[in-house]
Amino acid sequence: MATCPPYPTNPPRPHWWQRGWVRYGALTTLLAISGLVILALVRKQTGTQGFLVGLGLAVLPVPLLIAAFRWLDRVEPGPWRNLVFCFAWGACAAALIAIIANSFATRWIATATADPAGADTLGATVIAPVVEESAKAAAVLLVFLFRRRDFTGIVDGVVTAGVTATGFAFTENILYLGNAFGTDQLTGDSGFASVTAATFFVRVVMSPFAHPLFTVLTGIGFGIAALSTGRHHLRRALLPLAGLLLAMGMHALWNGSAAFGEYGFLAVYGAFMVPCFGLLTWLVIWTRQRELRTVREELPAYVMAGWLAPAEPHTLTSMHARRLARQYARRHAGKQAARAVAQYEAYATSLAFLRQRGRKGRAGPDFAVRERELLDALWHRRDVARPALDHAARATAPPPVAPWPGYGTPGSHAGYGYGYGYGYAAAAYAGYGYAARPGGFAPVAPYGGYGHGHPAPAAPAFTPAWVPAPFPAHARSRPAYPSAHPAHHQPLPRRP
């Protein structure tokens, strides 16, 4: 009797709107049209000369802000296409929505109340924060929903929201600086006494972080929601909304500071904005250090299973060591090797975060598939990455300390100094050519003969049986699935 296969041999083809190229094309078209429309509107309000002046001045803080957010995302860097989308959305789509909605609401309030001055104040303090923060939050929501693999925590939320707000502030600064230049053209002012100079000082010098600071609160809400388990549906829905409301409130306070008197702006800036900026900066840096600790705690399981070299958890925990590995690969094998090392570092970090989510019950039903993808990606790049990471580990390792007499256990100080936490004895490094010895570490030939031709000294007198044997660098047999991940032995809750 014939039996049906477990899966259909000819799966149904997806509808045309579910295909990737259709979605990318529609999104690109939407952003391009928004960009052309916003360009025409800004040029109409500022004039061609004012637009060019505003563009030249508004672009100055953009590289610094993008570099700052990219630095925060260096532990597990997301793809550039996400950042390009976020910046384009903020500069084009969100700015267009804000200009149209703010103008319409302000005119409607002025007509209804017959008070243009009051309408401008109400529009700046109430309408603008709600419209602008909602428009910027849409980009964070889209990345959260459709790029879920790239959105795993608070840092990802901060980077996504910050880059979106940077694009929005770029377009807004063009408008404000262009209008200020037009005013100076009419009044004849120039130099430091001009409106253009004052606007540039306030918006570009004093507060380039204003819009990113507001929207980062929304990103933090989405980031905490990404860390929540699948069964906490209410919390996952309320956290992004709470972050959005906080962003609106801070934005309203900033816009309304001019109504607090002659020194209202400086009071809000010094007493509220700067402390909030410092607090959020500390939070993001602390979160980044926490990510590095996750890498150090989760990757040793894959070392014991044979997928990673013993020194790699130590190397991948240090951003300095990562940079040294990339530089070593570039110097000895070119740009392609450096790119492969960077990818190896990113995949290993993603593997550590995936394992942490699985251990805490936050992984989705595709955990095993994703883990295998990451392990395969590491395996294909091991020949290029391991010599570079080995060099970085030796360059950043603390100086070896002679072990106490009679001790050859994993708690000795030989090797790289992390035997206490992971239980790797000095003998575990013999296969990699840098076993501890009184004179330092044995050299390793760059990109050739890796692990060969460097005999290690004799093993310590006592090596416990529970210390895992190292994975030889010259072996070509792939470790068996599954890995030593505890989630493989315990069923993960499926996301509804």
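Is A210 buried or exposed in this predicted model? A210 is buried, at a relative accessible area of 4%, where buried stands for under 20% relative accessible area, exposed for over 50% and partly exposed for what lies in between (1.4 Å probe, protein chains only). A note before the views: this is a predicted model, in which local features need pLDDT of at least 70 and side-chain atom pairs count only at pLDDT 80 or more, while totals for chains, interfaces and linings use all residues. Residues are numbered from 1 along each chain as its sequence is written, and side-chain values use heavy atoms, with hydrogens and water left out.

**View 1. The whole protein, as a setting for the close-ups.** The protein has 16 helices and 2 strands; these are DSSP runs (helices H or I, at least four residues; strands E, at least two), numbered from the N terminus. Of its 496 residues, 47% count as buried. The accessible surface comes to about 24,800 Å², with 66% of that belonging to carbon and sulfur atoms; the areas come from the Shrake-Rupley method with a 1.4 Å probe, and for residues only the protein chains shown count as cover. Among contacts (heavy atoms within 4.5 Å) with a separation of 6 or more, 75% join residues 24 or more positions apart.

**View 2. A210 and its partners.** Here we look at A210 in helix α7 (residues 210-227). Neighbours within four places in sequence aside, A210 touches W254 and M273. M273 is 63 residues away along the chain, yet the C-alpha atoms of A210 and M273 are separated by 8.0 Å.

**View 3. The surroundings of E312.** E312 belongs to helix α11 (residues 312-317) and is buried, with a relative accessible area of 3%. Beyond its neighbours within four places in sequence, E312 is in contact with Y344, R386 and L389.

View 4. Side chains of opposite charge can pair when their charged atoms come close. A salt bridge here is a side-chain nitrogen of Lys or Arg within 4 Å of a carboxyl oxygen of Asp or Glu, and by this rule the count comes to 9. In the pair R326 and E345, the closest N and O atoms are 2.9 Å apart. R326 sits in helix α12 (residues 319-333) and E345 in helix α13, so the pair ties together parts that are 19 residues apart in sequence. R326 is partly exposed at 23% relative accessible area, whereas E345 is buried at 2%.

View 5. R370 and E373 pair with their closest N and O atoms 3.5 Å apart; both lie in helix α14, 3 residues apart, about one turn of the helix. E373 is partly exposed, at 36% relative accessibility. Look too for R149, which is linked with R370 and E373 in a network of salt bridges. In helix α15 (residues 382-396), R394 and D390 are 4 residues apart, again about one turn, and their side chains meet in a salt bridge of 3.1 Å, N to O. D390 counts as buried, at 2% relative accessibility.

**View 6. A patch of positive charge on the surface.** R290, R293, R296 and K360 gather here. K360 is found in the loop between α13 (335-359) and α14 (367-380) and is partly exposed, with a relative accessible area of 39%. Charged patches join like charges within 9 Å, using residues with over 30% relative accessible area and no salt bridge; nonpolar side chains (Val, Leu, Ile, Met, Phe, Trp, Tyr) are joined within 5 Å.

Notes
Lys, Arg positive; Asp, Glu negative; His and termini not counted. Charge placed at Lys NZ, Arg CZ, Asp CG, Glu CD.
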